[in-house]
Amino acid sequence: YDISNDELYKQIVEKKKVISTSIPSPKDFHEVFEKVANEAETIIGIFLSPKFSGLYQAAQMVVNNYFPDKDIILIDSKSCSLAQALLVIEAAKMAQAGKPKSEIVDRLNYLAQYARAFAMVDTLEYLHRGGRIKFYKKIIGDLLRAKPIIRLDIDGANLDGHIKGRENGMIHMKVFGLRLQEGLKNQRMFVAYTTNKALAEEIAQFIIDNSDKKVEVLIGQLGPVVGAHGGPDVVGFGSVSYTHLR
């Protein structure tokens, strides 16, 4: 059954449930592609990086086996979540502007090389629950009160740094948000959150108040895949940029 993001986080935090994720079935993909193929001449699907999930490969298998004569193009976003969403927005705006398919696909493949998400994780508990880190690393992180910064991009998922304490973490993320604007390949970015929207709003407002760039700063909630492994109070960015935390 379907549940909202907020209900998912309630299950994780309050009921201490271990949430796992899985890809849709071939039947699910078939139904979606069939429906959209009846409404459009061309389909451009923008997918989660294969380094994080088998979603892209599963969709490609369905397209190859059941829709070989349809004009369906699948794009590897090289990232996930709100960084991936920025590619979707770019494609939609180009399509609305009447840009040809080839130009849209070329633009997406170019931007995907720079699509990246950064997330400051409040606790390592949920990464440990999901088997992403060893128990001893969780204990060390808890003792040091470290807030890990995870980067998800063309290179996969990597630790991009860590910051001691929430207050220092928020200061660092605000300054980093300004730095991100220097390297953007388009003029919009997301400030992301799981459960605490106020954290994202605080960072976004700081960026808007202190930047001289004409950048659209959007706020978005991270979905269940990132949320299940990151847990509550995650805050970060989705961007198309060559800037790194370090």
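Predicted model: local features only at pLDDT ≥ 70, side-chain atom pairs only at ≥ 80, totals over all residues.
Helix H8 (residues 166–182) keeps these residues buried: Gly169, Met170, Met173, Lys174, Phe176, Gly177, Leu180 and Gln181. Here, buried means under 20% relative accessible area, with exposed over 50% and partly exposed in between, using a 1.4 Å probe and protein chains only. Helices (H or I, at least four residues) and strands (E, at least two) are DSSP runs, numbered from the N terminus.

Residues are numbered from 1 along each chain as its sequence is written, and side-chain values use heavy atoms, leaving out hydrogens and water.

Zooming out, the protein has 10 helices and 8 strands. Of its 246 residues, 45% are buried. Take the contacts (heavy atoms within 4.5 Å) with a separation of 6 or more: residues 24 or more positions apart account for 79% of them.

Now for the rings. Rings of Phe, Tyr and Trp (its six-membered ring) pair if their centres lie within 6.5 Å; planes under 30 degrees apart count as stacked, over 60 as edge-to-face and the rest as tilted. The whole structure holds 7 aromatic pairs, including these:

| Pair | Centre distance | Plane angle | Type |
|---|---|---|---|
| Phe29 and Phe33 | 6.4 Å | 20° | stacked |
| Phe47 and Tyr56 | 6.3 Å | 80° | edge-to-face |

Phe29 and Phe33 sit 4 residues apart in helix H2 (residues 26–37), about one turn of the helix. Both are buried, and Phe47 and Tyr56 are buried too. Ring pairs join Phe29, Phe33, Phe47, Tyr56 and Phe67 into a cluster.

What about the strands? E1 (residues 42–47) and E2 (residues 71–76) pair in the parallel sense over 6 bridges; pairing takes at least two DSSP bridges. Ile43 stands opposite Ile72 in E2. From E1, the chain crosses through helix H3 (residues 55–66) to E2 in a right-handed β-α-β crossover. Right-handed means that, with the strands pointing away from the viewer, the path from the first strand over the helix to the second runs clockwise.
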